[in-house]
Amino acid sequence: PPRDSFRRQRQMCIRDSDCIELEITESSLISDPERTQSSLDQIAALGVALSIDDFGTGYSSLSYLKRLPVQAIKIDRSFVTDMLADQQDMVIVRSTINMARNLGLTVAAEGAEDQATYDTLRGMGCDFVQGYYISKPLEGSGIDEHFRSDTFRILRKSPSENDVKKV
């Protein structure tokens, strides 16, 4: 069965499943809700963290946040990129962060392309930020260099509870 295959693959790759997080797109949750629920419950039972990617772009119900064994959501870039110029996007991002935090979920945001957006997300209590302000997509060989760079160290300066963690 697929579950056993996944379990074997995970055990071969890494012993600590806390290091694995699977992102499920919001739109994939609605295609077959019962099967999705069952599959995600089985994956979560293996100790794998689950996150809803592209949150806010699909047609799913907020009840998924209650029913599914997810630990995190990732706010889609379509809301983040223009939130400083578009008040409705700002309200959606702020409300999503507050809702997720009140539900005990971790929050990531895609689309931080400049310092002002990064600072705003940081001030809202967003846990993780992705975007070109942090880094453009990197090949595997460029990741170590990025983490040693001055830019990365500046972004990580003086961490506190409200700081945004970079991935």
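Helices (H or I, at least four residues) and strands (E, at least two) are DSSP runs, numbered from the N terminus. The model is predicted: local features need pLDDT of at least 70 and side-chain atom pairs count only at pLDDT 80 or more, while totals for chains, interfaces and linings use all residues. Residues are numbered from 1 along each chain as its sequence is written, and side-chain values use heavy atoms, with hydrogens and water left out.

**Exercise 1. The setting of F79**

Task: State in which helix F79 lies, whether F79 is buried or exposed, and which residues F79 touches beyond four places in sequence.

Solution. 
Step 1. F79 belongs to helix α5, which spans residues 77–80.
Step 2. F79 has a relative accessible area of 14% and is therefore buried; buried means under 20% relative accessible area, exposed over 50%, and partly exposed in between (1.4 Å probe, protein chains only).
Step 3. Contact means heavy atoms within 4.5 Å. With residues up to four places away in sequence not counted, F79 touches F55, G56, T57, D89, I92 and V93.
Step 4. The C-alpha atoms of F79 and V91 are 9.4 Å apart in space, and the two residues are twelve apart in sequence.

**Exercise 2. Two buried residues, V80 and K74**

Task: For V80 and K74, give the element that holds each residue, the relative accessibility and the contacts.

Solution. 
Step 1. V80 is in helix α5, whereas K74 is in strand β3 (residues 72–75).
Step 2. V80 counts as buried because its relative accessibility is 0%. K74 also counts as buried, at 5% relative accessibility.
Step 3. Not counting residues up to four places away in sequence, V80 touches I75, V93, A109, E110, G111, A112, T117 and L121. Under that exclusion, the contacts of K74 include E23, D53, D54, E110 and Q130.
Step 4. V80 and G111 are 31 residues apart in sequence and 5.6 Å apart in space, C-alpha to C-alpha.

**Exercise 3. Helix α7 and its ends**

Task: Determine which residues of α7 are buried, and describe what is found at the start of the helix and just after it.

Solution. 
Step 1. Helix α7 covers residues 115–124, and T117, Y118, L121 and M124 are buried in it.
Step 2. Viewed down the axis of α7, the buried residues fall within an arc of 130 degrees, so they line one face of the helix; the arc is that of the directions from the helix axis to the C-beta atoms.
Step 3. An α-helix has 3.6 residues a turn, so residues three or four places apart point the same way.
Step 4. At the start of α7, a side-chain oxygen of D114 comes to within 3.3 Å of the backbone nitrogen of A116.
Step 5. Just after α7, G125 adopts a positive phi of about 90 degrees.

**Exercise 4. The packing of α6 against α7**

Task: Give the angle and axis distance of α6 and α7, and name the residues that meet.

Solution. 
Step 1. Helix α6 (residues 87–102) packs with α7 at an angle of about 35 degrees, and their axes are 10 Å apart. Axes are lines fitted to C-alpha atoms, for helices over the stretch in contact, and angles run from 0 to 180 degrees between N-to-C directions.
Step 2. From α6, M90, V93, R94 and I97 meet T120, L121 and M124 of α7.
Step 3. The residues of this contact divide into five nonpolar, one polar and one charged. Here Ala, Val, Leu, Ile, Met, Phe, Trp, Tyr, Cys and Pro count as nonpolar, Asp, Glu, Lys and Arg as charged, and the others, Gly among them, as polar.

Technical notes:
A polar contact is a pair of N or O atoms within 3.5 Å; within protein, one must be able to donate a hydrogen and the other to accept it, and residues adjacent in sequence count only if both atoms are side-chain atoms.
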